[in-house]
Each structure stands twice: as structure tokens, then as C-alpha cells.
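Student: I have a model open in my viewer and would like to learn to read it with you. Could we go through it together, one question at a time?

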Amino acid sequence: MEREDGAPGAGFPCSPAAASRPARSPAKFTAGPAGAAAMAAVSSYESLVHAVAGAVGSVTAMTVFFPLDTARLRLQVDEKRKSKTTHTVLLEIIKEEGLLAPYRGWFPVISSLCCSNFVYFYTFNSLRALWVKGQHSTTGKDLVLGFVAGVVNVLLTTPLWVVNTRLKLQGAKFRNEDIVPTNYKGIVDAFHQIIRDEGVLALWNGTFPSLLLVFNPAIQFMFYEGFKRKLLKTRLQLTSLDAFVIGAVAKAVATTITYPMQTVQSILRFGRHRLNPENRTLGSLKNVLYLLRQRVRRFGLVGLYKGLEAKLLQTVLTAALMFLVYEKLTAATFTVMGLKHSQKH
């Protein structure tokens, strides 16, 4: 989930259906009940199924809509690009850099996204099994668990996102002469060069805004639950179309609110601008505020939202497809497991 994105990649910490049903009880052990139950929750097959389904869903969705993310990233990082719409930027990229250029950096992005969503879904569902313990979950608990899972995800996967951001932009034709070009031969070489030339902490560039962006799924879930409660006053249950529409609107609201921080996050992860050379602690609050001020000074408040069109288009479509795959995969897996379980017992 980015994705942002804190990105990941980001969407609901669990499906609407999963949010409303009780969490399954972890397996029981005879020795050390509390510790054993905790270990069972963390290592349960249900958490693993949610994690794998979330990862597969995100990879599928991002692959389909990857060119939109390419356009969004160019608009965020290349400040002097005159084209402001998604389709014109994509046409320029194809014309100047080749037909496959919109998919440049696909593998590192997909690898990072897969790991990020696996960590997020696994952490969320494991903690949920520990805290809820067979009870019905609440919006407040889901928000807290989503925030904690987001923090764990950011701390563990930020180095992957720093590397994939640079690989995705490598070879791009920028209008901004302040950008220093890179020459990485692959993921491993990128890690090696960054650590050698900039230090190991450079792999966590953009961590501060990423931690702030953990609020993105929290805001999304808050709006989703609010819309859901209003609709359920007039009907017994949500239709698939209801869930899709309010999920899309909630994601659009969350993305719009947090987009300026997503722009700063992308610039810090890229880390190749000749800006603010006296302060190289790129993840600090000082640099975040510096980049926000620079953006406003050069382009006005509108500059904070450059690339928002592409981001909204990519985010809403990607989230919708991701949850479609996620729901179908988890449902099918649990059905198969249920059949096998009944046959054994």
C-alpha cells in the first residue's frame, strides 16, 4: 500500500467484510497459555493468508496501473516540467524515452510493494488476533492497529522504497538541472552505492514524512466508517457498489489531505536534488519544512498538489482492484481450508 504513499501502497488495513466480523481465535496450546496464545496469533495461518492475499492484490493492481504512478512521480520530483496532466506527461515520456519507459523500475517497485503489503497485513491481523481475541472489533481499535502496523511497515521497508524510487527515475529526462543523475546497475548495486556514498542512514531518507503518512489509511478508514454508518441507516447491508464508491471517496479524501507530505516524501526518497546542502539529515523535520517552503515559494500553494490528478487516478483504481483480488483470494483460501478442516475432523 504507497505507496504512499506510506505508502504503502496504501488502503484499508483489512477488508470491509473482515472489519465487521470477529477475528478467529488462535490455536490453543497446553503450556504457557498467555505466551503460547500470543505466539499462535502471530504465527497463525489466517494472518499469513491475509498477508499473502494483500501482497498479491497490491502487485496485481500496481502492475495494471503502473504508468499512472510513473506520471505521478515525474510530476512530483521534476519541478520544471511544464506539462501538468497525466496523459500529456505519459505521452512525453513515451516519445522521449521509449514505449516501455512508463514501466521503468517496475520490478523494484513491485518487490517493495509486495514486501510492504505483506508486512502491513501480517502485522495488522496478528495484532488484531492478539487484541480482539474473538470479540467484535471496533473502529477505534482498527485505527490504532492500522497506525501501529503502518509504523512497523515504514521502519522495515523504507530502504526498499528509497532504492526503487531512484531506480524508477534513473535514465529519465528531467527539466530540472538541480537533479543529480544516478547510475545503478540494479537493486543490490543501488544499495551498495547509497551506503558507500551517502551512508547507511540515507536508506531511511523520507522516514519522517512516511511516519506522518501513516495517518493516510487512518483518515481513509475514518471516512469510510462514517459513510458506511450513514448508508446503513437506510438499508440492511452494503452492496458491492456501495463499498466500492465509499471506499474510493474515502481514499480520495485521505490522499488529498496528505498529498503535500507525499510530495516531500518522494523528493526525500529520490535524494538527488542539489538543495539545502548544509543539512544532510534528509528525514528531519527541518528538511520537511524547508522543502514545503521551497515548493510554495516557487510554485505557490498549487505546487504542493502537483501530480495530484495522476495520484488520485492511480490510487483509487489501484485500491479498488487490489481489494477485489484480496477479497476473492482470502475467501477462496478460507473456503478451501474450511473444507479440508471438515474432512479431517
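Student: Is L321 buried, exposed or partly exposed?
Tutor: Keep in mind that this is a predicted model. L321 lies in helix α13, residues 308–344. Buried means under 20% relative accessible area and exposed over 50%. At 22% relative accessibility, L321 therefore counts as partly exposed.

Student: How far apart are the end C-alpha atoms of helix α3?
Tutor: Helix α3 covers residues 45–64, which is 20 residues. At 1.5 Å a residue, α3 should span 28 Å. The model agrees with that, as the end C-alpha atoms of α3 are separated by 29 Å.

Student: Which residues of α3 are buried?
Tutor: Good one to colour in your viewer! The cut-off for buried is under 20% relative accessible area. In α3, the residues that pass are E46, S47, V49, H50, A51, A53, G54, A55, G57, S58, A61 and M62.

Student: Is T255 buried or exposed, and what is it in contact with beyond its neighbours within four places in sequence?
Tutor: T255 is found in helix α11, residues 240–270. Its relative accessibility is 0%, so T255 counts as buried. Beyond the neighbours within four places in sequence, T255 is in contact with N216, Q262, L308, K311, L312 and T315.

Student: And H87, is that one buried or exposed?
Tutor: H87 is part of helix α5, residues 86–97. Its C-alpha is 8.2 Å from that of A71, which is 16 residues apart in sequence. The relative accessible area of H87 is 51%, and the cut-off is over 50%, so H87 is exposed.

Student: On which side of α8 do the buried residues lie, and what do they pack against?
Tutor: The buried residues in α8 are D189, A190, Q193 and I194. They cover an arc of only 130° around the axis, so they sit on the same side of α8. V188 and R196, on the other side, are exposed. The partner that the buried residues of α8 pack against is α7, residues 139–169.

Student: Are α7 and α8 roughly parallel, roughly antiparallel or roughly perpendicular?
Tutor: The axes of α7 and α8 are 10 Å apart, and the packing angle is about 105°. Angles of 65 to 115 degrees count as roughly perpendicular. α7 and α8 are therefore roughly perpendicular.

Student: How many nonpolar, polar and charged residues does the contact of α7 with α8 have?
Tutor: From α7 come P159, L160, V162, V163, R166 and L167, and they meet I187, A190, F191, I194 and E198 of α8. Sorted by class, the contact has 9 nonpolar, no polar and 2 charged residues.

Student: What is the phi of the residue that follows α8?
Tutor: Helix α8 itself runs over residues 187–198 and reaches 16 Å, close to the 16 Å expected. The residue that follows α8 is G199. The phi of G199 is positive, near 95°.

Student: Last one: how many helices and strands does the chain have?
Tutor: Of the 345 residues of the chain, 52% count as buried. Its secondary structure comes to 13 helices and 0 strands.

Technical notes:
Residues numbered from 1 in each chain as written. Predicted model: local features only at pLDDT ≥ 70, side-chain atom pairs only at ≥ 80, totals over all residues. Heavy atoms only, no water. Helix = DSSP H or I, 4+ residues; strand = E, 2+ residues; numbered from the N terminus. Expected span 1.5 Å × (residues − 1). Buried < 20%, exposed > 50% of the residue type's maximum accessible area, 1.4 Å probe, protein only. Arc of directions from axis to C-beta. Contact = heavy atoms within 4.5 Å. Axes fitted to C-alpha atoms, helices over the stretch in contact; angles between N-to-C directions. Parallel < 35°, antiparallel > 145°, perpendicular 65-115°, else oblique. Nonpolar A, V, L, I, M, F, W, Y, C, P; charged D, E, K, R; others polar.
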